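Welcome, and please open the structure in your viewer. We will go from stop to stop, selecting a few residues each time and seeing what is there.

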Amino acid sequence: MKVAIIGYGYWGINIAKSVFKNPNFELKTIFDEDQSRIKEAEKIYHLTPYDSYESILKDDTIEAIFIITPPHTHYALGKAALCANKHTFIEKPLTTNIQEAYELYEIAQNNNCALHCDHTFLYSPAVKWLKQNIHTFGEIVYINSRRINLGLFQSSLDVIWDLAIHDLSIIDTLVGLKIKKSKTFSKKYQNYPHDAIANINLELQSGLIATINVSWLSPIKVREMIIGGDKKTAIYDDTKRDKITLFDSGVIIKDKFDKNSLYQKMIEYKLGEEEIPVLENFMALDNSIASFFSSISEKSCYQNQKEHVLRVIQALEIISKS
């Protein structure tokens, strides 16, 4: 299947590598409004030149479009691709509001096209393992997440839409994302127009408490999520080689133990028997792109992915308003 990539920045480079090695796709062209970026791509790939995005959409031999551009352009570029009957892969977020997202899915359905949003972490070995094993954690009491770095400030969206979207997509995959209450504290940096730091507090319908801290102002990069159950707790740290550490000890309630049992339990808790699960070895982005092809060829998981993306965008809007 011949495809085109629109946008060859930091993430576009990674997309191109994954598409190029996927046997189901043939990378026909890469387009960027910055001609210097196209020249960089041509040093690596044999590409067919096009003078505009519109000319790419008019080429019937190109069946799929990968849109890896700034978020505020996703809706217009995605709509044009779907209206041209192209299967469409869009970097997160799919759109910057829920109404536009619904419209894109409606166009995709009417034109029998696949529409895939790249929530990359969902396709990682770590999140796959957590989803398969979270039932062993007992009742999930809380999820605490930090996603901070000395970041590249985004010009078209705030830190919540840029970073917290990852944590929300993971939470939805693991436990669902039906929000009962939301309270967000956020702050801009100097004269920059968008919030650069935010603390998000969520209570889900299940009673689970989720806290998410996101920031572009941290001197260190942290990608950590703690998932606390009454039987087991996991720390998922995407910056480490061993991304999941499992603690085989739950919550201790003092009043339920006599002294001897309590002291023994406290020792076990302090020692914290740890397990590092062995994860599968594959690249999350490769898996996301493979899932996109499955949506095209088999329509597998398409409805689930659509509902997931809509829930995440709705959650982002609720959080932004709170």
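Which residues form a nonpolar patch on the surface? Select V141, Y142 and I209: these three make up the patch, and together they have about 230 Å² of accessible area. Bear in mind on this tour that you are looking at a predicted model. Now keep V141 selected on its own. V141 belongs to strand β6, which covers residues 140-150. Its relative accessibility is 38%, so V141 counts as partly exposed.

**Next stop: the sheet**

Colour the strands and follow them across. Eight strands make an open sheet with mixed pairing, in the order β7-β8-β9-β6-β10-β11-β12-β13. You can find β6, the strand that holds V141, between β9 and β10 in that order. At the edges are β7 (179-188) and β13 (274-275), each of which pairs on one side only. As a reminder, strands of a sheet pair through backbone hydrogen bonds, either parallel or antiparallel.

In which sense do β7 and β8 pair? Select β7 together with β8 (residues 195-204): the two run in the antiparallel sense, with nine bridges. To see one place where they face each other, pick S182, which stands opposite L202 in β8.

Then look at the loop between β7 and β8, where you will find Q190. This residue has a positive phi of about 50°, although Q190 is not a glycine. Most residues other than glycine have a negative phi, and most peptide bonds are trans. With a relative accessible area of 63%, Q190 is exposed.

**Next stop: the aromatic rings**

How many aromatic pairs are there? The count comes to eight. For one of them, select F25 and F293 and show their side chains: the pair is edge-to-face, with 5.6 Å from centre to centre and 90° between the planes. F25 sits in the loop between α1 (10-21) and β2 (26-31), while F293 is in helix α9 (residues 284-297), so this pair ties together parts that are 268 residues apart in sequence.

Is F25 buried or exposed? Its relative accessibility is 6%, so F25 counts as buried.

Pick R147 and F121: the charged end of R147 sits over the ring of F121, 4.7 Å from its centre.

**Last stop: two loops and a helix**

Select N85, in the loop between α4 (74-83) and β4. Like Q190, N85 has a positive phi although it is not a glycine, here about 65°. At 48% relative accessibility, N85 counts as partly exposed.

Move on to the loop between β4 (87-91) and α5, where P93 is found. What kind of peptide bond joins K92 and P93? The bond is cis, with omega at about -10°.

Finish with N110, in helix α5 (residues 98-110). N110 counts as exposed, since its relative accessibility is 58%.

Terms used:
Residues are numbered from 1 along each chain as its sequence is written. This is a predicted model: local features need pLDDT of at least 70, side-chain atom pairs count only at pLDDT 80 or more; totals for chains, interfaces and linings use all residues. Side-chain values use heavy atoms; hydrogens and water are left out. Rings of Phe, Tyr and Trp (its six-membered ring) pair if their centres lie within 6.5 Å; planes under 30 degrees apart count as stacked, over 60 as edge-to-face and the rest as tilted. Helices (H or I, at least four residues) and strands (E, at least two) are DSSP runs, numbered from the N terminus. Buried means under 20% relative accessible area, exposed over 50%, partly exposed in between (1.4 Å probe, protein chains only). A charge sits over a ring if NZ of Lys or CZ of Arg is within 6 Å of the ring centre and within 35 degrees of the ring normal. Patches are made of residues with over 30% relative accessible area and no salt bridge: like charges are joined within 9 Å, nonpolar side chains (Val, Leu, Ile, Met, Phe, Trp, Tyr) within 5 Å. Accessible areas come from the Shrake-Rupley method with a 1.4 Å probe; for residues, only the protein chains shown count as cover. A salt bridge is a side-chain nitrogen of Lys or Arg within 4 Å of a carboxyl oxygen of Asp or Glu. Two strands pair if DSSP finds at least two bridges between them.
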